[in-house]
Amino acid sequence: MRCRVAGALFVAVLASGCGDARLDHARDQASSSPTPVATEKEREYVGFRPQFSMEGGNVVMPLTFVDGSVATVVADPDLGLQDMTVSIYTAGGLGGVDRTMNFRYGEPAGFAHEGPLETYEGYNGRPVEVWKGTPGDWECPNLVFRFEDWYVGVRTCQRELSTHEKELWARSLRGDVTKEEFLVLSAEPPLTLQETGGHDGPELILGMDRANWVEFEPGKCDPGKIPDEGDVRTTSDGTRVSFSQLGNGDNSFDYDWLVTWCEDGLMTVQIDHAYKQFAEAAAEGLRLRDVVLTE
């Protein structure tokens with residue numbers, strides 16, 4: 001799993017190494033310039049909510065990861081996953097994975113605030129622009145791609161990208177949007193994207209605000225080798241789950257629980273920044289099925 005870093009859920013992609021109400025855009029807007037429709041001060045960023053159905057009293061939510069892996073979440077509706085929004089964590093680089101990306105759905109709030117500063121030609125002639133982020137937050141300029149309603153920002157600072165490297169990123173990164181509106185990325189050499197099961201993703205996070213995040217990391221795992229901080233429990237269906245509490249462990253809200261388990265040897269599930277009641281309910285009431293990893 002990626003590093004645990006405190007902060008807003010929708011700041012989904014953090015500094016390299018450590019570590020979105022849907023808008024009815026017409027399809028012909030997919031190739032237009034990624035000019036932001038509003039600033040964060042003018043409009044609250046809401047995010048992408050996955051489609052779901054009800055089955056036997058449970059929420060059933062198919063997920064597609066940015067690497068193309070798929071899974072279906074089956075969860076107790078009391079957990080509230082049907083009200084949560086998606087964040088994405090992944091990385092890429094020219095010849096090696098060394099740079100994280102930022103993702104927004106509907107509008108590029110935050111990382112496309114002032115610009116465009118530069119424009120490059122992307123795949124199929126789509127413009128890819130450099131934008132400066134909001135003061136004091138996303139000031140590092142991002143190379144901003146638009147794939148239908150999804151925006152992807154690639155940080156150009158921290159080992160600053162040269163003009164030639166920006167050109168390579170612009171023409172090499174590609175994105176497709178599924179009928180359920182999930183974004184799937186691909187790349188042409190020399191651009192490399194994080195492979196399934198890597199340290200820097202690809203990860204999908206469901207959550208609201210700053211608590212009770214549900215993180216899914218596709219990749220082979222061993223149900224018998226979960227982290228052991230002295231509190232490993234076995235749920236009613238036989239799943240071994242690791243529980244730990246970070247921080248001082250004695251606050252009155254019983255907050256900041258970290259819970260981890262492995263689903264069918266194919267995906268790690270982690271409940272992060274959680275209240276104890278949510279953590280325990282998720283360990284019992286959230287499971288995956290139909291997991292298919294991208295090779």
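Visitor: Which residues point one way from β10, and which point the other way?
Guide: Trp150, Val152 and Val154 go one way from β10, while Tyr151, Gly153 and Arg155 go the other, and all are buried. Keep in mind that this is a predicted model.

Visitor: How many residues of β10 are buried?
Guide: Six of the six, so β10 is largely enclosed by the rest of the structure.

Visitor: Which strands run antiparallel to β10?
Guide: β9, residues 142–147, is joined to β10 by six bridges and runs antiparallel to it. β6 pairs with β10 in the antiparallel sense as well, over five bridges.

Visitor: Give me some partners. What stands opposite tyrosine 151?
Guide: Arginine 104 stands opposite tyrosine 151.

Visitor: OK, over to β6. Are its residues buried or exposed?
Guide: Buried: β6 is mostly covered, with seven of its seven residues buried. Both faces are covered, with Arg99, Met101, Phe103 and Tyr105 on one side and Thr100, Asn102 and Arg104 on the other.

Visitor: What about β5 and β6, how many bridges join them?
Guide: Two bridges, and the strands run antiparallel; β5 covers residues 91–94. Glycine 92 has arginine 99 in β6 as its bridge partner. The hairpin of β5 and β6 has four residues between the strands, and glycine 95 there takes a positive phi near 85°.

Visitor: Now the rings. How many aromatic pairs are there?
Guide: The structure holds six aromatic pairs. One of them is tyrosine 105 with tryptophan 150, an edge-to-face pair at 5.1 Å centre to centre with 70° between the planes.

Visitor: Where do those two sit in the chain?
Guide: Tyrosine 105 is in strand β6 (residues 99–105) and tryptophan 150 is in strand β10 (residues 150–155). They are 45 residues apart, and the pair links distant parts of the chain.

Visitor: Why do you count tyrosine 105 as buried?
Guide: Because its relative accessibility is 3%, and buried means under 20%. Tryptophan 150 also counts as buried, at 1% relative accessibility.

Visitor: What about phenylalanine 145 and phenylalanine 147, how are they arranged?
Guide: That pair is stacked, at 6.1 Å centre to centre and 15° between the planes. Phenylalanine 145 is buried with a relative accessible area of 2%, and phenylalanine 147 counts as buried at 5%.

Visitor: Which residues do ring pairs link into a cluster?
Guide: Phe48, Tyr105, Trp150 and Phe182.

Visitor: Changing topic: what lines the second largest cavity?
Guide: Thr64, Phe65, Val66, Val86, Ile88, Trp150, Phe182, Leu183, Glu203 and Leu204.

Visitor: What's the strand order in the open sheet with β4?
Guide: Seven strands in the order β4-β14-β15-β19-β18-β17-β16, with antiparallel pairing. The edge strands are β4 (85–89) and β16 (232–234), each pairing on one side only. On average, neighbouring strands of this sheet are turned by 20° against each other, direction ignored.

Visitor: How many bridges join β16 to β17?
Guide: Three bridges join them, with the strands running antiparallel and β17 covering residues 240–245. Threonine 234 stands opposite arginine 240 in β17.

Visitor: One last thing: what lies over the face of phenylalanine 243?
Guide: Arginine 233, at 3.7 Å from the ring centre.

Notes
Residues are numbered from 1 along each chain as its sequence is written. This is a predicted model: local features need pLDDT of at least 70, side-chain atom pairs count only at pLDDT 80 or more; totals for chains, interfaces and linings use all residues. Side-chain values use heavy atoms; hydrogens and water are left out. Rings of Phe, Tyr and Trp (its six-membered ring) pair if their centres lie within 6.5 Å; planes under 30 degrees apart count as stacked, over 60 as edge-to-face and the rest as tilted. Buried means under 20% relative accessible area, exposed over 50%, partly exposed in between (1.4 Å probe, protein chains only). A charge sits over a ring if NZ of Lys or CZ of Arg is within 6 Å of the ring centre and within 35 degrees of the ring normal. Two strands pair if DSSP finds at least two bridges between them. Axes are lines fitted to C-alpha atoms, for helices over the stretch in contact, and angles run from 0 to 180 degrees between N-to-C directions. On a 1 Å grid over the protein atoms alone, a cavity is a set of points where a 1.4 Å probe fits but cannot get out, and a pocket is an open set with protein on both sides within 12 Å along at least five of seven lines; lining residues have an atom within 4 Å of a point.
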